[in-house]
Amino acid sequence: ERNEKPEETVRDPVYFSKTTGRIPLLAIPDSRFVNRQVQELGPPKIRTEPLCRSGARHFITQEPYENKVLELLYNLCLDYSENRKSFQQPVFRLIQQVIRELTDDEKFAFHSIGRVAGTNAFKIFVAAAGNENEPLPIQYASQGTLSVLVIFGQIFYFLQTLRPKITGDAILQVPGIVIIDEIDAHLHPSWQQKVVGMLTRHFPNVQFIVSAHSPLIVAG
């Protein structure tokens, strides 16, 4: 009612579908799985929009998120290849620092990214405690590690597309809005207590809206 008279409000899902991206919003669903059988990371099969425009589309339409995860990993490969093959770039240092802090494994590191001969595809190798001398494909990491990589990596690239003229660590200071569904999914209990604090510390100007089943998220 408005002024004691009945009123009707209509929500048209088609309208929301067509206008997705008008408000710069990143929404990360709970289905942050990485297909362990796919080790070769190639270009996206379909044309993709920058995350500043399409960051909420999969969340709203309930489309599978696997393609966005593979796109993220491929972007890491391109950044490495196009920037003097260095892991000193902000996105690599961010992911490496976060995973080391969560896992208490100071030996975790990106080891190498190699081009698959005769293709446009790459493979990412990482090292950790116990396999320093025999790096493994990133797909062999734990599901919790991969989930954290997806969350922090997607937020970094989202902020980068919001402010493409900003470079280096200054990207971490860009403001934005990020929704994360079931942030506790796939995470060890000790990680659940740390992850929200790490998000707000590394991205101090981002407003986070998260859902979780675990009380440890709130306790942390």
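S5, helix H7 (residues 189-202) and S6 form a right-handed β-α-β unit, right-handed meaning that, with the strands pointing away from the viewer, the path from the first strand over the helix to the second runs clockwise. Helices (H or I, at least four residues) and strands (E, at least two) are DSSP runs, numbered from the N terminus. The model is predicted: local features need pLDDT of at least 70, side-chain atom pairs count only at pLDDT 80 or more, and totals for chains, interfaces and linings use all residues. Residues are numbered from 1 along each chain as its sequence is written, and side-chain values use heavy atoms, without hydrogens and water.

**Strand pairing** (at least two DSSP bridges between two strands)
- Strand S1 (residues 25-28) runs parallel to S5, joined by 4 bridges, and Ala27 stands opposite Ile179.
- S5 pairs with strand S6 (residues 206-210) in the parallel sense over 5 bridges, with Ile179 opposite Ile209.

**Faces of S5**
- Gly176, Val178 and Ile180 point to one face and are buried (under 20% relative accessible area, 1.4 Å probe, protein chains only).

**Nonpolar core** (buried Ala, Val, Leu, Ile, Met, Phe, Trp, Tyr and Cys residues joined through side-chain atoms within 4.5 Å)
- In the largest core, of 58 residues, Phe152, Ile155 and Phe203 touch the most other members.
- Helix H6 (residues 143-162) gives the largest share of this core, 12 residues.
- Not counting residues up to four places away in sequence, Phe203 touches Leu94, Phe152, Ile155, Phe156, Leu159, Leu172 and Phe208 (contact: heavy atoms within 4.5 Å).

**Thr145**
- Thr145 lies in helix H6 and is buried, with a relative accessible area of 9%.
- Thr145 touches Ile99, Thr103 and Trp191, not counting residues up to four places away in sequence.

Conventions. Buried < 20%, exposed > 50% of the residue type's maximum accessible area, 1.4 Å probe, protein only.
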